[in-house]
Amino acid sequence: MFKLTSLNLNGIRSATTKGVEKWIAGIAPDCICVQEVKAQAADVQGKFEQLAGLQGHFHFAQKKGYSGVGLYTRHAPSEVIVGYGSTEFDAEGRYVEARFDTPKRKLSIISCYFPSGSSGEERQQAKFRFLAEFLPHLTELKRTREFILCGDVNIAHREIDLKNWRSNQKNSGFTPEERSWMTHLLARADLDPLAANGLGLIDVYRQLHPDTTDTSYTWWSNRGQAYANNVGWRLDYHLATKGVADKALNASIYKDEKFSDHAPLTIEYDWSI
């Protein structure tokens, strides 16, 4: 059994003051992928290299207090890759990949934080550039290995993935272009002959819970009473190749405590490192 969690921390220092490390120790995941660390190497050193006994690996942004991703694991990776080779976006600290390769298997777990375009048109255009260059990277990765990409994708794919879908169709995170990108990412030729050019990744949560709505949300705006009224979005995913996705047994979104503006998504898989 392999337990894998994804959580946007909205600041590792903030989340730890709210009890996230105790919670991690309680659920005892094999690996937890975190996003929006909002820290530099000097901030992490001596404080956050480990959480609940798990060893951390990081990709920090050059800009202080911005972005940054991490991956805490119980098992030593065979290799850790920081960044995906982007001239523009590797400076923003958005990608760390831990490889757990054996002579019989090539497997990666990735923590990734997609850009948000909600601050304005300039960042929305940056988000579109990220999507355009990230898809070929995932395509190439899929040719050579199984993987699970965990992260804050900043896209709600379908109408059931957010509360107020009608009023958000022109807003970042639910634009037709972003949703179309997700559709292409998940399109599978074995299920749809018209999807021959789709990448064929699997949205693991949706594979297990194809119809959930209100219970599927993982992010809530800090404005108004969004959290109290569950006016949320499903922005956090496990996106996996079929070989590992088909071994997913159960998924849960933890909402009893609030460590961040996101809720952690945990999925258990019937395999081990």
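Mentor: The account below takes the ring pairs, then the charges over rings, then the pocket and a helix that lines it.

This is a predicted model, in which local features need pLDDT of at least 70 and side-chain atom pairs count only at pLDDT 80 or more, while totals for chains, interfaces and linings use all residues. Residues are numbered from 1 along each chain as its sequence is written, and side-chain values use heavy atoms, with hydrogens and water left out.

A pair of aromatic rings is described by the distance of the centres and the angle of the planes. Rings of Phe, Tyr and Trp (its six-membered ring) pair if their centres lie within 6.5 Å; planes under 30 degrees apart count as stacked, over 60 as edge-to-face and the rest as tilted. In one of them, Trp23 and Phe259, the ring centres are 5.6 Å apart and the planes stand at 45°, so the pair is tilted. Trp23 belongs to helix H2 (residues 20-27) and Phe259 to the loop between strand E14 (248-253) and strand E15 (265-269), so the pair ties together parts that are 236 residues apart in sequence. Here helices (H or I, at least four residues) and strands (E, at least two) are DSSP runs, numbered from the N terminus. Trp23 and Phe259 are both buried, a term for under 20% relative accessible area, with exposed over 50% and partly exposed in between (1.4 Å probe, protein chains only). Elsewhere, ring pairs join Tyr84, Phe89, Tyr95, Phe114, Phe130, Phe134 and Trp181 into a cluster.

Rings also have charges over them, the condition being NZ of Lys or CZ of Arg within 6 Å of the ring centre and within 35 degrees of the ring normal. Lys63 lies over the face of Tyr66, 4.9 Å from the ring centre, and Lys258 lies over the face of Tyr227, at 4.9 Å from the ring centre.

As for the pocket, the search uses a 1 Å grid over the protein atoms alone; a pocket is an open set of points where a 1.4 Å probe fits, with protein on both sides within 12 Å along at least five of seven lines, and lining residues have an atom within 4 Å of a point. The largest pocket has a volume of about 930 Å³, taken as the space filled by probe spheres set on the points, which are joined across faces, edges and corners. It is lined by 39 residues, and Ser116, Ser118, Asn154, Ser172 and Trp219 are the closest to its centre. Helix H4 gives the most to this lining, with three residues. Thr139 is placed in helix H4 and, at 24% relative accessibility, counts as partly exposed.
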